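This report describes a protein model with its ligands. It covers the ligand surroundings, a set of paired strands and the confidence of the prediction.

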Amino acid sequence: MNLYLHHPPRVSVGPSLSLSLSPQVLANLHSTCLHIYTFSPQLPNFYHCCCEGISVISLSLSLYIRAMSPSQLDSNGNASASLQENGIPDSLSILNSEKAVQEIIQQPLMQGIEDNLIEFSEAMRTVAKALRRAAEGKASAQAEAVEWKRKYELERARNLTLEHKVLSSGESNGDVNGERADSSADQPVLSSQTYKQSEVCCGKHGLCSHEVLRDGDPDSDCNVVQNRMTRKASFKLSWCCNGDNSGQQKHDIVSFERGNITTAERSSKQISLKWESQPQTVLILTKPNSTSVRILCAEMVRWLKEKKKLNIFVEPRVRIELLTESSYYNFVQTWQDADKEIVLLHMKVDLVVTLGGDGTVLWAASMFKGPVPPVVPFSLGSLGFMTPFHSEHYRECLDSILRGPISITLRHRLLCHVIRDAAKNEYDTEESVIVLNEVTIDRGISSFLTNLECYCDNSFVTCVQGDGLILSTTSGSTAYSLAAGGSMVHPQVPGILFTPICPHSLSFRPLILPEHVTLRVQVPFNSRSHAWASFDGKDRKRLAPGDALVCSMAPWPVPTACQSDSTSDFLRSIHDGLHWNLRKTQSFDGPSDP
Ligand SMILES: NC(=O)c1ccc[n+]([C@@H]2O[C@H](COP(=O)([O-])OP(=O)(O)OC[C@H]3O[C@@H](n4cnc5c(N)ncnc54)[C@H](O)[C@@H]3O)[C@@H](O)[C@H]2O)c1
Ligand SMILES: Nc1ncnc2c1ncn2[C@@H]1O[C@H](COP(=O)(O)OP(=O)(O)OP(=O)(O)O)[C@@H](O)[C@H]1O
């Protein structure tokens, strides 16, 4: 690809120079987004051109420089520079450009050069530096990539050897871990063949997890046993459709056979989790300031350690509580640097147990900003829409869950971004927040009516005038959204509830939108007051006029274990928790149809 310098100028660069870029080249260069804003305001066109990115700058420079020495122009007064196929100059051309820049900078200035050219040569120096840094950056990135690849291949080879050792010792010795050995007796010991199968994995109607975490120095022989202990349990999720008696194999996608549209991709799937290797590590999260929870937690930790030989993680506060009770609990693990270590927790933990009410499940979910391990919620609160397990029977429950398979409810979450009006672009936002119940935008302490403009995938939905708006998941449909007049929705239904809070309009009924949409709630510039966003009832953020909240379905649901199955659990929770549609039955005697 060639670039040409033209006389007379098309895009002026300095007093006597021009350059034009073919639209194709410009289109290619547009994808390079390194912005440099250091150019002279006296060269507005060049400035503008340079904003397209470093590639344009480097090309422009080489062309500019060539133009300074007319001997380098061809007979038509054109100069050219080479680009790679994608329109981006390769390292060589970057270095050439840099060399050329250096040469031109070192040349004595010709008499009569205008001031802006001096300034331009200063800019050249800046660009030369930037070019050098770009070339160095590229070289070091390439070296790093090679190093990572080498490490990856080494680690993979090591893991395969290790697996082989473990499998062959497992085959010859069997598993010797007290009760865990008993429970694994139900499951066949993994042969190298099944191992290979599981590595290829993913059955027709399921998802597999093979995340492996290895701590310590993998070279050391004594770590073979340790590595075996810290292997993250792998499991498989599969689904079936309750009520489908035909047992007929359905198509995964919409089928148009004989003009009839059928689909098995219904949302009301019952998910089943089957462990493919034994869970090793449990995180126990507890409601604070509750004596009954503290007593149960201590008892459960002891049982899980002694009978199930599991590694236990708790929050730092809980570890202190346990150690105050007895130094026996020294084996319980926790984290010191919450910010760094909690992010990695999902890689260490096979199962999360919550002891509390719905708020503790929300707390557990909020700790995992990405993937969430399966959660077993024990009810120690007043309502418990998401806590189907009774704490009195925790041994039987955990026994059966550790054995599997488990029915689970995949509870979808919402990913929320606050976008400030002051932000330079859409991606320049604050850290996102992920919610299990809902995000609420309300008037806070302001006594003015909230005024919120709502868009769904860029289509205008409505303007909320009232106390506020709730964007809720289906799991959250039984919480604040319900209190504001929203419908109760089965948690497996993938959708986003759009529920106004005290709307000042008689016709504002709640909506349920499909799960794939992106919603944007904007505080208009002419709004009389600020609005406030809160996430699962916590972490309030002020939204000034011009600020917006953007929200869409997160890719990481919260898998909560079911007592029986997700539908029975849901119905039981609304019967027990809300006494839904409870009414005395009418007596038989009385008027009847003629
Ligand atoms: N008017 C209201 O109903 C109202 C007002 C504010 C907040 N809330 C809810 O409280 C939640 C925060 O809960 P918390 O426990 O941290 O605070 P909290 O301790 O104040 O409890 C609020 C109540 O909401 C219940 N709850 C929470 N999630 C639920 C769900 N998914 N389904 C049914 N009930 C649920 C809890 O069991 C509890 O009784 C918020 O996400 C919001 O949904 C409700
Ligand atoms: N591990 C935790 N650390 C800090 N706060 C927590 C933790 N677990 C729960 N909470 C908070 O404690 C509050 C009460 O928790 P929870 O809802 O579980 O108990 P509850 O109010 O007694 O039960 P219910 O909601 O059924 O009435 C919630 O606001 C929740 O966010």
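## Surroundings of ligand 1

In this predicted model, helix α13 supplies 3 residues to the shell around ligand 1, the most of any element. The shell holds 16 residues, and the closest are Asp358, Phe385, Asn437, Glu438 and Thr478. Sorted by class, 7 of the shell residues are nonpolar, 5 are polar and 4 are charged.

Polar contacts to ligand 1 come from side chain and backbone. An N or O atom in the side chain of Asn437 is 2.9 Å from a nitrogen atom of ligand 1. At Ser475, a polar backbone atom lies 3.1 Å from a nitrogen atom of ligand 1. At Tyr480, a backbone N or O atom is 3.1 Å from an oxygen atom of ligand 1. On its own, ligand 1 exposes 780 Å², of which the protein buries 63%. Two elements, α13 and α15 (480-483), each give two or more residues to the shell around ligand 1.

Which side chains place a polar atom by ligand 2? A polar side-chain atom of Lys538 is 2.9 Å from an oxygen atom of ligand 2, and a polar side-chain atom of Arg317 is 3.4 Å from a nitrogen atom of ligand 2. The backbone takes part through Gly359, where a polar atom lies 3.0 Å from an oxygen atom of ligand 2. The accessible area of ligand 2 on its own is 610 Å², and the protein covers 70% of it.

## Strands around β14

Strand β14 (residues 459-472) runs antiparallel to strand β12 (residues 438-442), and 5 bridges join the two. Across this pairing, Leu471 in β14 stands opposite Val439.

β13 and β14 form a hairpin with 2 residues between them, and Asp457 in the turn has a positive phi of about 45 degrees. A further antiparallel pairing links β14 to strand β15 (residues 495-503) over 6 bridges. In that pairing, Gly468 has Ile501 in β15 as its bridge partner. As a general point, side chains in a regular strand alternate between the two faces of the sheet.

## Confidence of the model

The model scores are ipTM 0.94 and pTM 0.66. Over the protein, pLDDT averages 74, and 63% of the residues score at least 70.

Where does pLDDT stay under 50? One such stretch is residues 1-92, for which the model has 145 contacts beyond four places in sequence. Another is residues 170-205, where the pLDDT is below 50 and the model has 48 contacts beyond near neighbours in sequence.

Terms used. Residues are numbered from 1 along each chain as its sequence is written. Chains are lettered from A and ligands numbered from 1 in the order in which they are written. This is a predicted model: local features need pLDDT of at least 70, side-chain atom pairs count only at pLDDT 80 or more; totals for chains, interfaces and linings use all residues. Side-chain values use heavy atoms; hydrogens and water are left out. A polar contact is a pair of N or O atoms within 3.5 Å; within protein, one must be able to donate a hydrogen and the other to accept it, and residues adjacent in sequence count only if both atoms are side-chain atoms. Accessible areas come from the Shrake-Rupley method with a 1.4 Å probe; for residues, only the protein chains shown count as cover. A residue is near a molecule or strand if one of its heavy atoms lies within 4 Å of it. Helices (H or I, at least four residues) and strands (E, at least two) are DSSP runs, numbered from the N terminus. Ala, Val, Leu, Ile, Met, Phe, Trp, Tyr, Cys and Pro count as nonpolar, Asp, Glu, Lys and Arg as charged, and the others, Gly among them, as polar. pLDDT is the predictor's confidence in each residue, from 0 to 100. Contact means heavy atoms within 4.5 Å. Two strands pair if DSSP finds at least two bridges between them.
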